[in-house]
Amino acid sequence: MEQQQISSDLIRGHIDTIILYTLVDGDKFAEQISIAIEEKSQNAYKINQATLYSALKRLENLKYLSSYQQDVAGGGRRKFFTLTES
């Protein structure tokens, strides 16, 4: 059976909620968030990097997320995002 793609228009109004939901189980950096979204949609939706980064910045400005820098094995330094009390 052919895998159907989820329309970007359908997702547009929900991307903030989707990103926040991916962080419920722990802090992640942008690539991990992107992978989690793909996995949770069973590869039916792949988030555009520009969309992801603008949403992360917006959520951080709204105080729903905070970020910190941390070294990761074999990958240098990454910016991790975490949910705030908001």
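**Ground rules.** I am working with a predicted model, in which local features need pLDDT of at least 70, side-chain atom pairs count only at pLDDT 80 or more, and totals for chains, interfaces and linings use all residues. Residues are numbered from 1 along each chain as its sequence is written, and side-chain values use heavy atoms, with hydrogens and water left out.

**Lys-79.** I found Lys-79 in strand E3, residues 76-83 (helices, H or I, have at least four residues and strands, E, at least two; both are DSSP runs numbered from the N terminus). I looked up its contacts (heavy atoms within 4.5 Å), leaving out residues up to four places away in sequence; among them are Lys-28, Glu-60 and Ser-67. The C-alpha atoms of Lys-79 and Ser-67 are 6.4 Å apart, with 12 residues' separation along the chain.

Asp-71 has Arg-77 in E3 as its bridge partner. The hairpin of E2 and E3 has 3 residues between the strands, and Gly-74 in the turn has a positive phi of about 70 degrees.

**Helices.** I checked H2 (residues 15-22) against H3 (residues 30-40): they pack at about 100 degrees, with axes 10 Å apart.

Technical notes: Two strands pair if DSSP finds at least two bridges between them. Axes are lines fitted to C-alpha atoms, for helices over the stretch in contact, and angles run from 0 to 180 degrees between N-to-C directions.
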